[in-house]
Amino acid sequence: MIELYKSKIEKDINEAEILINTFRDDVEKGLDKIEKTLPSKYFYNKKGDALFVEIMNLPEYYLTRSEFDIFKNKTEQLIEAFNIDSNSYFELIELGAGDGLKTKELLKTLDSKNYKFNYFPIDISLNALSLLEKDLNNDMPNVSVKTQQGDYFEVLNSLKQSKKPKVVLFLGSNIGNMTDEQASSFISKLGNNLQKGDKLLLGVDLIKPEAIVLPAYNDSKGVTASFNLNLLDRMNNELGANFNLNYFKHHPEYNEKTGVAKSFIKSTINQTVEIKAIGKSYSFAKDEKIHTEISRKYNDTLINQIILNANFVINNKIMDSKAYFADYILTRY
Ligand code: AVJ
């Protein structure tokens, strides 16, 4: 028994070490570049998760509300686009668990119309999954929830065995954090794990004027700034760095022509920062920028380009009342 505990603890320690080592390696790789970068995936620690929840509730951050509008008010259109017989069983798979607020609207309607399905939320975080499962079991006991912990593609590959019709949800413009090349290969890989006729519901933010987009990434309360600068805090806490947060600031940019929003951290003075875990010091010139995130906005042309080499066609495009956001329904061929 004790041996068993010991090996479990050792396994946990081992996994934690791997995580911190990849964080260190990714930081080193990014900061060694002429144009310094840091990966946005490291925003999401406990503090970052909480800040992102705050962001979703900001008046300037229209994305979540817009997609919720679709799920609440255009539910029937979404379901119709799935093109599934209410009498034949299908699998509803969601990439990322989230708080389920949008998905709940869909689940509620599917349930009330007596559709036969299981809901499979996939997430890397067991904690997020168990919170969602409890909440759903409580709110809609009729809906069968089968949480799947792990990597999206590993889980999809295992679900592929069932050969049942599938609808995959990838919401929230999460794809916008990828470069277009990364997005293409992501969609291709999704297609490889699905069968002919299966659906992908891809939620994306649409290209729109700077006056609307920029404030969403530069809110007046400074929550997005804290979210971005949390990366420096993480490096201080986890990599023994000495970033002084008083001398760095959040700097968002948006190009209305290309639809690319970028977030940077800008050094406000000439300074040197030591990162003990890397064993190096980095110099930052006054006004030098570290690129931390892309939040791409889309239109039909861009979506068609991204799915060009994947086996999908666009079947429907369902937008919110302001046409800020679109849920594209893609069909695997
Ligand atoms: C969760 C990737 C959709 O890019 O809009 C919010 C993350 N970053 N504010 C986005 C985010 C800054 C968000 N996504």
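Modeller: Helices (H or I, at least four residues) and strands (E, at least two) here are DSSP runs, numbered from the N terminus. This is a predicted model, where local features need pLDDT of at least 70, side-chain atom pairs count only at pLDDT 80 or more, and totals for chains, interfaces and linings use all residues. Residues are numbered from 1 along each chain as its sequence is written, and side-chain values use heavy atoms, with hydrogens and water left out.

Colleague: Where is Phe117 found?

Modeller: In strand S2, residues 117-123.

Colleague: Is Phe117 buried or exposed?

Modeller: Phe117 is buried, because its relative accessible area is 10%; buried means under 20%, exposed over 50%, partly exposed in between (1.4 Å probe, protein chains only).

Colleague: What does Phe117 touch?

Modeller: Leaving out residues up to four places away in sequence, Phe117 touches Tyr89, Phe90, Leu92, Leu107, Leu110, Asp111 and Val143. Contact means heavy atoms within 4.5 Å.

Colleague: And which faces of S2 are covered?

Modeller: Both. Phe117, Tyr119, Pro121 and Asp123 are buried on one side, and Asn118, Phe120 and Ile122 on the other. In a regular strand the side chains alternate between the two faces of the sheet.

Colleague: How does strand S1 pair with S2?

Modeller: S1 (residues 90-95) and S2 are parallel, over six bridges; pairing takes at least two bridges found by DSSP. Leu95 of that pairing stands opposite Ile122 in S2.
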